[in-house]
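Here is a friendly walk through one protein chain, written to be read with the structure open beside you. Take a moment to turn the view around before you start.

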Amino acid sequence: MEITPQCVVALTWTLKDTLGETLDVLTEPVEFLVGGDDLFDAIETALQGHGPGARVQLHLEPEQAFGDFDEHLLFLEPRSLFPKEVEEGMSFDGAALPAGVNPDMPKNVLYTVAEIYPEHLVLDGNHPLAGIALRLDLTVNAVREATEEEIGRGTAGTGFFRFEPMAPGSDSLH
């Protein structure tokens, strides 16, 4: 079966920046809904018409991937508002930030602790890969028809590099 909108594709990949540094490797196939919310449009377009075993290489500019870096999503907040065990790299859901933070902070953003100072910490609402052009080497492992439930939800359950709140030391990229 070839890849068309409203199908599920199982992918593995190697993701690198434009300098060739490996950012992420997915060795076990993960399913994504083509025509839903799981993949970037540029990836879906590149996959169209390919079948199992195909290898697709593409270059994504920031605007095709995680967007440009937005300095307006950096906030300096009082250290005392956060748990004492907070560490760089931890993330907080914007809708669940402690009382007393800047009221202008968007609530629909995930914030990562970028730096910690004795009295303050820097929260960054940008995706960790914002502003970075990416090189993606994809392998199509399988293709199947999407179920009605998957189409209705708009996902096969895994968004491309969905970024979610994490505990210290966990992997936040997928």
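What is the mean pLDDT of the chain, and what share of its residues reach 70 or more? This is a predicted model, and its mean pLDDT is 89, with 91% of the residues at 70 or more. The stretch to treat with care is residues 163–174, where pLDDT stays under 50. The model does place 28 contacts beyond four places in sequence for that stretch. Where pLDDT is low, the predicted coordinates should not be read in detail.

Now look for the open sheet built from four strands, which run in the order 2-1-8-3 with antiparallel pairing. Strand 2 and strand 3 each have a single partner strand, so they stand at the edges and one side of each is left without a neighbour in the sheet. On average, neighbouring strands here are turned by 25 degrees against each other, direction ignored. If you zoom in on strand 3 and strand 8, you will find an antiparallel pairing over six bridges. Leu58 is a handy landmark, as it stands opposite Leu136 in strand 8.

**The cores**

Which residues touch the most other members of the largest nonpolar core? They are Val9, Leu11, Ile43, Leu47 and Leu138, in a core of 25 residues. At least two residues of this core come from each of strand 1 (7–17), strand 2 (22–34), helix 1 (41–47), strand 3 (55–60) and strand 8 (134–145). Another core, of 13 residues, lies apart from the largest one, and Phe82, Val101, Tyr111 and Leu123 are among its members.

Leaving out residues up to four places away in sequence, its contacts include Leu26, Val30, Phe32, Leu39, Leu47, Leu138 and Val140. Glu28, Thr139 and Asn141 are also among the residues that Leu11 touches.

Phe40 sits in the loop between strand 2 and helix 1, and Gln6 belongs to the segment before strand 1. Are these two buried or partly exposed? The table gives their values.

| Residue | Relative accessibility | Class |
|---|---|---|
| Phe40 | 16% | buried |
| Gln6 | 34% | partly exposed |

Buried means under 20% relative accessible area, so Phe40 falls in that class. Phe40 and Glu145 are 105 residues apart in sequence, and their C-alpha atoms are 19 Å apart in space. Gln6 has a backbone detail to check as well: its phi is near 70 degrees, a positive value in a residue other than glycine.

Conventions:
Residues are numbered from 1 along each chain as its sequence is written. This is a predicted model: local features need pLDDT of at least 70, side-chain atom pairs count only at pLDDT 80 or more; totals for chains, interfaces and linings use all residues. Side-chain values use heavy atoms; hydrogens and water are left out. pLDDT is the predictor's confidence in each residue, from 0 to 100. Contact means heavy atoms within 4.5 Å. A nonpolar core is a set of buried Ala, Val, Leu, Ile, Met, Phe, Trp, Tyr and Cys residues joined through side-chain atoms within 4.5 Å. Buried means under 20% relative accessible area, exposed over 50%, partly exposed in between (1.4 Å probe, protein chains only). Two strands pair if DSSP finds at least two bridges between them. Axes are lines fitted to C-alpha atoms, for helices over the stretch in contact, and angles run from 0 to 180 degrees between N-to-C directions.
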